[in-house]
Structures are given as structure tokens and as C-alpha cells.
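Colleague: Could you take me through this model, beginning with its helices and loops and ending with the ligand?

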Amino acid sequence: MFVFKAAVVGAGTMGGEIAQVIAASGIPVVLKDVDQKFVDAGIDKAREVTERANAKLVSKEKLSADQASIATEEVLGRIGGTLTYDDFGDVDFVIEAVPEKMEIKQAVFSDLDAWTPGHAILASNTSGLSITEIADATSRPDKVVGFHFFWPASFMRLIEVIEGEETSPETAQAAANFAQQIKKMPVRCAECPGFVVNRILMSTASEIWRYQDETGIDVKEIDAAIQGAGLAPMGPFHLSDMTGLDTSLKVAKDMQDAYGDRFYVHNTMEELVAAGNLGQKTGKGFYEHGN
Ligand SMILES: NC(=O)c1ccc[n+]([C@@H]2O[C@H](COP(=O)([O-])OP(=O)(O)OC[C@H]3O[C@@H](n4cnc5c(N)ncnc54)[C@H](O)[C@@H]3O)[C@@H](O)[C@H]2O)c1
């Protein structure tokens, strides 16, 4: 199946950049959220990422400044922000990127089932929830699939394609093909909490979080040591701030529920989320962020 038009539901930390990736590959995309300010923020993010990519091409003398600004407008022109499902009647592939809560995802999938054409594939960017359970909210569980990007979506090449119990082989293949159409690298995986990457990432992060709670060492010191040693582009506390502490905490709790105490939930992260400090998206988390 070739995707002529796509949609992204949820224009937050992930959704804006996912829409950008699709638009930059030449495919029109509808970007939906529940409030215009979130749609606008998602489109602003898409613009920022596109401008940065085109500025690099200008510095390498592959584009003139004029060509870069035309190219940016072309990409942005393919993204249609919306608060309704009115433009979903002719989409081929939808990526849901709403908060990591089963009841919100199921409500969105039920809406998508009603508003999209029967052939459309409904994909979830969930970090670890059951695709089978999400698909239960639709009348087309064979066309529901996990399609897990990594932050930052414009930069990270991998996409996990997750098959639920009823996902058809055709759907999984079409999702893998779409990942390639948008210049990403699909990896097929079976359904299990955390899939492949988060299972590895969260088990490593768990040890660091546990150590920090036990010793009280400054999180900035730990991040600096990990980054300074070249082990990762940024330390785990900074990364959690950037990806959203509410999302990181939910994933950590889900992993602990699924696999037990070898996965750890960080105390300070819980306190920050309870206080509404979610990291970069609210301006404060382990770090202060100028938004
Ligand atoms: N943040 C990450 O690094 C990351 C990485 C990979 C996957 N994910 C997954 O992607 C999904 C989204 O995460 P995020 O970090 O972008 O969350 P986020 O909180 O930053 O953004 C979610 C957006 O969804 C919107 N939303 C809520 N209900 C909606 C609805 N009914 N219709 C349309 N929009 C709605 C919210 O207003 C918000 O703008 C989660 O399942 C998360 O686990 C996140």
C-alpha cells in the first residue's frame, strides 16, 4: 500500500516532529490536537526542525538561502493543523501520539475507526502499551499496529513496528514500508511491555535512578559523567526532561508492573510529576528550561 495522505493525532513532544518527518518526505499530513495552542506548538516545532535542516544545506552550499526558505514553506505547506476529524476521510495511515494512557488511546482509536476509510492503517506511537488492547477499541484490529518512533523523531532513524495479536501480516508489512517511505529504519517486534528498545533503555536507566535515590548525588553530576564519558549524547535525567517526565514515569511504572523490581521508579521523578513539573514541556523538571 502506498500512503498518499497521513495523519498524526496529538501534536506534543512527539507529534509535531512526526508530522514534520512525514511532510519532509513529500506526503501531506493532518496534525490534530485538542487545543489550537498545542496544534500551533506542534507546527512551530515542525518549522524549527525544517529550518535547521535546510540551514545545514545552505552552510554546505547545497541550497541558496532563497531555495532553503522555499523548501521550508513547501514542507510546512503539507502539514494541515486541525482540531477535528473532518480531514481524516481520505487518509491512508494514521499515527496516534496522545498521552501514554490506555483509556485516552482507546477513545482516540474508536474515533479513528469511525472517521477514517476502511482501508486506513491505524498506528500507535505507544512506548509500551498493548497494541492488542488498543485495537480492541476498533472494528479493524487487523489494521492496528504499533509504530514507535524515538525522540527526537526528526533525527532518530529507528521505528519499532509492533504486531498485536490480530495485526495482519499485510498491515505489519505496510507499516514497515511506510517507515521506509518516510526514510526511517523499521524493526519488527512482537508485543511485550517496553518492546525492544525501552526494555533495554529502562533497565539501564533503572540502575542509575536507583543509585541516585540511594546516594542523593546531584543528577547534573551523573548526567555530566555519562555524557563526558561519551556513553550517550545526554544523561538519563536530561533525556527524561526532554522526552517528558510524565511519559518517562508512566513507562517506568508500566515496566515495573510488568517485570517486577528489577525495573525502578525514581522517587524525585514521581515528586516532580506530582507537582506538575514535566521537564522541557512545562519549563521545569530536573533542569530549568527556557521555553
Ligand atoms: N516523549 C517521548 O520521548 C516519546 C518517545 C516515543 C514514544 N512516545 C509515546 O508517544 C505518545 C505521545 O507522547 P508525547 O511525549 O508526545 O506526549 P505529550 O504529552 O507531549 O503530547 C501528547 C499530545 O496529545 C494531545 N492529546 C490528548 N488527547 C488528545 C486527543 N483526544 N486528540 C488529539 N490530541 C490529544 C495533548 O494535548 C498533547 O498535545 C505516548 O504514547 C508516548 O509514550 C513518547
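This is a predicted model: local features need pLDDT of at least 70, side-chain atom pairs count only at pLDDT 80 or more; totals for chains, interfaces and linings use all residues.

Colleague: Which residues of helix H8 are buried, and on how many degrees of arc do they lie?

Modeller: In helix H8, which runs over residues 219-228, the buried residues are Val219, Ile222, Asp223 and Ile226. They sit on the same side of H8, because the arc that they cover around the axis is only 95 degrees.

Colleague: At the start of H8, which backbone nitrogen does a side-chain oxygen of Asp218 reach?

Modeller: The two ends of H8 can be taken together. After the helix comes Gly230, with a positive phi near 70 degrees. At the start of H8, a side-chain oxygen of Asp218 comes to within 3.0 Å of a backbone nitrogen, and that nitrogen belongs to Lys220.

Colleague: Which residues of helix H3 are buried, and what is the arc within which they fall?

Modeller: Helix H3 spans residues 65-77 and reaches 18 Å from its first C-alpha to its last, close to the 18 Å expected at 1.5 Å a residue. Ala68, Thr72, Val75 and Leu76 are its buried residues. Seen down the axis of H3, these line one face of the helix, because they fall within an arc of 95 degrees.

Colleague: What covers the buried residues of H3, and which residues are exposed on the other side?

Modeller: The cover over the buried residues of H3 includes helix H1 (15-24), helix H2 (36-59) and strand S3 (79-82). On the other side of H3, the exposed residues are Asp66, Ile70 and Gly77.

Colleague: With which side chain does the side chain of Ser154 make a polar contact?

Modeller: Ser154 lies in the loop between strand S6 (144-148) and strand S7 (158-163), and is partly exposed, with a relative accessible area of 27%. Leaving aside its neighbours within four places in sequence, Ser154 is in contact with Glu17, Gln20, Val21, Val49 and Lys184. The polar contact of its side chain, at 2.6 Å, is with the side chain of Glu17.

Colleague: Which peptide bond is cis, with omega near -5 degrees?

Modeller: The loop to look at is the one between S6 and S7, where Pro152 has its place. The cis peptide bond, with omega near -5 degrees, is the one from Trp151 to Pro152.

Colleague: Lys183 and Phe195 each have a positive phi; which of them is buried, and which exposed?

Modeller: Lys183, with a phi of about 65 degrees, lies in the loop between helix H6 (169-181) and strand S8 (185-190), while Phe195, with a phi near 50 degrees, has its place in the loop between S8 and helix H7 (197-215). Neither residue is a glycine. At 57% relative accessibility, Lys183 counts as exposed, whereas a relative accessible area of 2% makes the buried residue Phe195.

Colleague: How much of the accessible area of the ligand does the protein cover?

Modeller: The ligand is surrounded by 25 residues, the closest being Asp33, Glu100, Lys105, Ser127 and Thr243, and helix H4 (residues 102-115) gives the most to this shell, with 3 residues. Oxygen atoms of the ligand lie 2.5 Å from a side-chain N or O atom of Glu100 and 2.6 Å from one of Ser127, and a nitrogen atom of the ligand is 2.7 Å from a backbone N or O atom of Thr243. Of the 840 Å² of accessible area that the ligand has on its own, the protein covers 88%.

How values were computed: Residues are numbered from 1 along each chain as its sequence is written. Side-chain values use heavy atoms; hydrogens and water are left out. Helices (H or I, at least four residues) and strands (E, at least two) are DSSP runs, numbered from the N terminus. The expected span of a helix is 1.5 Å times one less than its number of residues. Buried means under 20% relative accessible area, exposed over 50%, partly exposed in between (1.4 Å probe, protein chains only). The arc is that of the directions from the helix axis to the C-beta atoms. Contact means heavy atoms within 4.5 Å. A residue is near a molecule or strand if one of its heavy atoms lies within 4 Å of it. A polar contact is a pair of N or O atoms within 3.5 Å; within protein, one must be able to donate a hydrogen and the other to accept it, and residues adjacent in sequence count only if both atoms are side-chain atoms. Accessible areas come from the Shrake-Rupley method with a 1.4 Å probe; for residues, only the protein chains shown count as cover.
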